[in-house]
Number of protein chains: 2
Amino acid sequence: MSSLKVPASVPDPYEDAEQLKKAFKGWGTNEDLIIQILAHRNAAQRKLIRDSYAAAYGEDLLKDLDSELTSDFQRVVLLWTLSPAERDAYLVNEATKRLTASNWVIMETACTRSSDDLFKARQAYHARYKKSLEEDVAYHTSGDFRKLLVPLITAFRYEGDEVNMTLARKEANILHEKISDKAYNDEEIIRIISTRSKAQLSATFNHYNDHHGHEIIKDLEADDGDEYLKLLRAAIECLKTPEKYFEKVLRLAIKKLGTDEWDLTRVVATRAEVDMERIKEEYHRRNSVTLDRAIAADTSGDYEKMLLALIGHGDA
Amino acid sequence: MSSLKVPASVPDPYEDAEQLKKAFKGWGTNEDLIIQILAHRNAAQRKLIRDSYAAAYGEDLLKDLDSELTSDFQRVVLLWTLSPAERDAYLVNEATKRLTASNWVIMETACTRSSDDLFKARQAYHARYKKSLEEDVAYHTSGDFRKLLVPLITAFRYEGDEVNMTLARKEANILHEKISDKAYNDEEIIRIISTRSKAQLSATFNHYNDHHGHEIIKDLEADDGDEYLKLLRAAIECLKTPEKYFEKVLRLAIKKLGTDEWDLTRVVATRAEVDMERIKEEYHRRNSVTLDRAIAADTSGDYEKMLLALIGHGDA
């Protein structure tokens, strides 16, 4: 479900490193060459290119990209070139330093990564920031947001398919009871959402839908001014149908006056190698226009080219 | 600081497996031979013996030990033979099924293991119980106990030596303020205790002691009937000076009328390969009798022999 297009015959990583070095040289940078290489290599291949670059030139490819490129193009190339674990660590760290809107990035990272990938992000956080990811999240949040985000980001969910139907019924009823009482920050809601496996939660949400007349997401649509409630609803959407959540983030980012490049770049860089094909289908279905065309209409230059390459537009 | 005595020349694991198979055969079990082998092999060696046993006889060594042995001796041999990660997973799972006193086992596991070892226990929990460790802990606890235990057991603390002294001062003051207000379940206390690195916490507790006139542990000694407060205090002791915590558990287990084998077995099986030498020093210092002698006086038979072998009494 990755949208990445990798050529049938991938050059030796030393050759890629050499081409990138050339792209930086002389008068002006060769952005097309950078896109041609980096946007068509998977995570393991990009890692080899970084290692080869360091071995050949004694320099850090990321630092050179950082100094050669600018603006939105710089950000998407840098985020993309990082390993998925380093990228998640970077995004969460950045989020802890921004305003409350960035609670969404923390929630999104916690709820849409596999258990192993989320743990790898926590390891990468130790290595890069000399702190734990959860201590920064806990320190920079408070109240209900902390109560929800810390257990989400520290979860190591079971990933098997086993489902306990008795438990699913019981916990669907607990969720319904608390939501009916508008007790959205109740510790039982948070416990269920933050600890159960995605397969188990799916059974719980199905039971909720079947026996209480509405989807759980619908029952959480009241009180649209409540930021905590919106975050809780988005967390459930991420756990249940991540492609729908990401479609919505992309739709709002593109629709916005001037486009929200922060969201657009993040979603493309983090999902290209995971489930971008599903997100593209969902986007097309929901907006009657392909994501390629929507991005092409709203962005320009090298930034546009890089995004389109990552979502699989054109050939490798 | 391990108390384990491994012979200079360790037999081939197939040979050990064969000897164990012999120990089970015939009329009666050869307990001495079991002790002679298993109590003198480290975790990696025991793993090889289990693998060799399975390969040679198509049977699970743990199941055979379970059916051949009985009572306290059985429990200590089984716990010891498990890998540290499986053992921690087993102990926490058992604790979630018992009464509230077992909250201590969950806290102890969370606060005295290294970050990697705690994570490995969570992986072992997935493999063995087809659930996450934290979903069972969260489900089987409630109120303040849940608020404290879930973040402790899901922590992945940074393990470097770096200390932020400004933060240590700030958080020592927060702890002092909340403790003075008797707000022991305050979310800031839980955040600090459950997310900061042990090095950082050590600086925080030192500042507390230097600027507020008492050790933090002393300030938590009021209200001895409050089970939550006792657990919080023990968590701080585990994070600060685990050898003192374990000395106390052993002292109380041995002093008790009839001895508390549940605690005694657990502490010996989980610490022998980690810091038992430090615990023995602490025990001797505090009780004016060596741990060897105290255990010998209070236990008997194969159980006694196994415990003494694990704490390094006699030769390998």
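Modeller: Let's talk through how the chains relate, then the aromatic rings. Keep in mind that this is a predicted model.

Biologist: OK, what rotation puts chain A on chain B?

Modeller: 180 degrees, with 0.0 Å of shift along the axis and an RMSD of 0.0 Å. The two copies are thus related as by a two-fold rotation axis.

Biologist: Which C-alpha of chain A is nearest the axis?

Modeller: That of A:Thr154, 2.9 Å from the axis.

Biologist: And through what surface do the copies meet?

Modeller: The same one, because 100% of chain A's interface residues are interface residues in chain B too.

Biologist: Switching to rings. How many aromatic pairs over all chains?

Modeller: The count is 14. Take A:Tyr125 and A:Tyr129: their ring centres are 4.6 Å apart and the planes are at 45 degrees, so that pair is tilted.

Biologist: Where do those two sit in chain A?

Modeller: In helix H8, residues 115-129. They are four residues apart there, so about one helical turn separates them.

Biologist: Are they buried or exposed?

Modeller: A:Tyr125 and A:Tyr129 are both buried. Another pair is A:Tyr245 with A:Phe246, edge-to-face at 5.1 Å between centres and 75 degrees between planes. Those two are buried as well.

Biologist: Which residues do ring pairs link into a cluster?

Modeller: A:Phe119, A:Phe156, B:Phe119 and B:Phe156.

Conventions: Residues are numbered from 1 along each chain as its sequence is written. Chains are lettered from A and ligands numbered from 1 in the order in which they are written. This is a predicted model: local features need pLDDT of at least 70, side-chain atom pairs count only at pLDDT 80 or more; totals for chains, interfaces and linings use all residues. Side-chain values use heavy atoms; hydrogens and water are left out. Copies are superposed by least squares on the C-alpha atoms of residues with pLDDT of at least 70 in both. Contact means heavy atoms within 4.5 Å. Rings of Phe, Tyr and Trp (its six-membered ring) pair if their centres lie within 6.5 Å; planes under 30 degrees apart count as stacked, over 60 as edge-to-face and the rest as tilted. Buried means under 20% relative accessible area, exposed over 50%, partly exposed in between (1.4 Å probe, protein chains only).
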